[in-house]
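Here's a quick briefing to read with the model open beside you.

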Amino acid sequence: MQPKASHFINGAYVEDEGGAEIALTYPATGETLGRVYAARPDMVAEAVRAAEAALPGWSAMTGAERGRILTRAAQIIRERNRDLSALETLDTGKPLSETLVADAASGADCLEYFGGMAATITGETVQLGADFAYTIREPLGVCAGIGAWNYPIQIACWKAAPALACGNTMVFKPSEETPLTALKLAEILLEAGAPPGVFNVVQGAGETGAALVDDPRVAKVSLTGSVPTGRKVYEAAARDLKHVTMELGGKSPLIIFDDAEIEDAVSAAINANFYSTGQICSNGTRVFVQSGLKDAFLTRLAERTEAAVIGDPMDEATHLGPMISEAQRAIVLSYIAKGLDDGARLVTGGAAIDGPGYFIQPTVFADVTDDMAIAREEIFGPVMSVLDFDTEDEVTRRANDTEFGLAAGVFTRDLARAHRMVRALQAGTCWINQYNLTPIEMPFGGVKASGIGRENARAAIEAYSQPKSVYVGLSAVEAPF
């Protein structure tokens, strides 16, 4: 787990031992297997200078030239997927069975998608009688990316790929909990042909992020994180009117009607609550089950949940790994205690697992009411709240009664009802008879407190570029005098 150095700036590893030490802890054992150092303000400034110096040359390349580099980076990631996945498992504790298919592989998909799109980033022509106008789509400049610890390399790629495709350069700060694979992405982009300074990595916690966001040379900030962190970053970016994309937290509803295919619905509920040990912002942690299906649903859910294999993340037979940290596990356990105190019925799970590492049982509560803390607050752990409902209008109103609006899902065989529901649900990303699939081709993001802007798809091109309008006069100029 020990990298060559803490930071990657202007095409090389750079150390800053004067910064605060960050331990690299393997969540499955609690062992410290390395360390990095936080970037002090002068190191952050050096990274921004490198990105600023690389900007003219990178933005002057054709889209096709930039696209070839991104596509080559995607190929390298695929060639090294197992090694990158193993490193991601050591850093996050997520099972290798997950990281092999959902982390670096998703990052490669993103680089490949935007690599192919880079040559298509063009403006438009507007005929205005004898005159006409045209637009030029230009990069924003130096972009700051701030990542989260649940999908480190995927998030780094989701931010870097569209930014670089548009001709921007980037300084990326991974979470202090998971600093490793962003450094590997920087290596790979350089190897693929990106000039030094195009993609830089600095380590650190909130102070490092604040120094990056506050730098006046940074034109755009893209954050993946919690709502409280998002509010602070958004406020700081607003002082200099920087462009922002905020992909924040959620307390998303997964709505299951009586006519749903029960095995599919149970599978979706498992994926929406226990994949990545429940540490996914879009998780459907409020599972609304229509009264007629409730008992059968809970019975099958408990059977399948109790069959989950919890253990060594490096064993590909493992389904659930540990929480990211002891502190995060303590937060989750405190919510389980609140659920019990508030009168929710514990169906299965509910306890930490003895032994080394930060393991916890996947937990299901039933008879949850809307006012309980476990139904209103983001827990970010493997805790599912099952709520009863009777009618479509009722569940729509209750599902929308939250400050969040990241995602929502509907399970029903009645497709007219499904489409009607997703139109009424206040969420930026919705699924019908599926949950938590986020292909690069589909925009992803939230509404209300869950975020601003969209990642992925063509929407990300608009988020990392801006149009310049040009009016061309071909007729005589008239004036009043």
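Threonine 277 sits in the loop between helix H10 (262-274) and strand S13 (286-290); helices are DSSP runs of H or I with at least four residues, strands are runs of E with at least two, and both are numbered from the N terminus. This is a predicted model, in which local features need pLDDT of at least 70, side-chain atom pairs count only at pLDDT 80 or more, and totals for chains, interfaces and linings use all residues. Residues are numbered from 1 along each chain as its sequence is written, and side-chain values use heavy atoms, with hydrogens and water left out.

**Positive phi**

- Most residues other than glycine have a negative phi.
- Threonine 277 has a phi near 55°, a positive value in a residue other than glycine.
- Threonine 277 counts as buried because its relative accessibility is 1%; buried means under 20% relative accessible area, exposed over 50%, and partly exposed in between, using a 1.4 Å probe and protein chains only.
- Asparagine 436 also goes positive, with phi near 65°, and it lies in the loop between strand S18 (429-432) and strand S19 (451-452).
- Asparagine 436 counts as buried too, since its relative accessibility is 17%.

**Helix H9 and its cover**

- Helix H9 covers residues 227-239, which is 13 residues.
- From first C-alpha to last, H9 reaches 19 Å, close to the 18 Å expected at 1.5 Å a residue; the expected span is 1.5 Å times one less than the number of residues.
- Val227, Gly230, Val233, Ala236 and Ala237 of H9 are buried.
- Helix H8 (206-214), strand S10 (218-224) and strand S11 (243-247) are among what covers those buried H9 residues.
- Valine 244 belongs to strand S11 and counts as buried, because its relative accessibility is 17%.
- Leaving aside neighbours within four places in sequence, valine 244 is in contact (heavy atoms within 4.5 Å) with Lys220, Val221, Tyr234, Ala237 and Ile452.
- Valine 244 and tryptophan 158 are 86 residues apart in sequence and 14 Å apart in space, C-alpha to C-alpha.

**The largest nonpolar core**

- The largest nonpolar core has 53 residues, and Ile77, Leu111, Phe114, Met170, Leu189 and Phe199 have the most contacts inside it; such a core is a set of buried Ala, Val, Leu, Ile, Met, Phe, Trp, Tyr and Cys residues joined through side-chain atoms within 4.5 Å.
- Elements that each supply at least two residues of this core include helix H1 (41-60), helix H2 (63-79), helix H5 (104-117), helix H6 (152-165) and helix H7 (180-192).
- H6 gives the largest share of this core, nine residues.
- Isoleucine 77 touches Leu84, Ala104, Ala108, Leu111, Cys157, Leu185 and Ile188, not counting residues up to four places away in sequence.

**Helix packing around H6**

- Two packed helices are described by the angle between their axes and the distance between the axes.
- The axes of H2 and H6 come within 9 Å and cross at roughly 155°; axes are lines fitted to C-alpha atoms, for helices over the stretch in contact, and angles run from 0 to 180 degrees between N-to-C directions.
- That makes H2 roughly antiparallel to H6, a label for angles over 145 degrees.
- Arg66, Leu70 and Ile77 of H2 meet Cys157, Ala161, Leu164 and Ala165 of H6.
- By class, the contact of H2 with H6 has six nonpolar, no polar and one charged residues; Ala, Val, Leu, Ile, Met, Phe, Trp, Tyr, Cys and Pro count as nonpolar, Asp, Glu, Lys and Arg as charged, and the others, Gly among them, as polar.
- H5 and H6 pack at an angle of about 5°, with their axes 8 Å apart.
- That makes H5 roughly parallel to H6, a label for angles under 35 degrees.
- On the H5 side, the contact is made by Ala104, Ser106, Gly107, Cys110, Leu111 and Phe114.
- By class, the contact of H5 with H6 has 10 nonpolar, three polar and no charged residues.

**Two buried strand residues**

- Histidine 7 is found in strand S1 (residues 7-9) and is buried, with a relative accessible area of 0%.
- The C-alpha atoms of histidine 7 and tyrosine 37, 30 residues apart along the chain, are separated by 8.4 Å.
- Phenylalanine 365 is in strand S15 (residues 363-366) and is buried, with a relative accessible area of 0%.
- Not counting residues up to four places away in sequence, phenylalanine 365 touches residues including Ile336, Leu340, Val347, Ile374 and Val386.

Notes. Angles under 35 degrees count as roughly parallel, over 145 as roughly antiparallel, 65 to 115 as roughly perpendicular and the rest as oblique.
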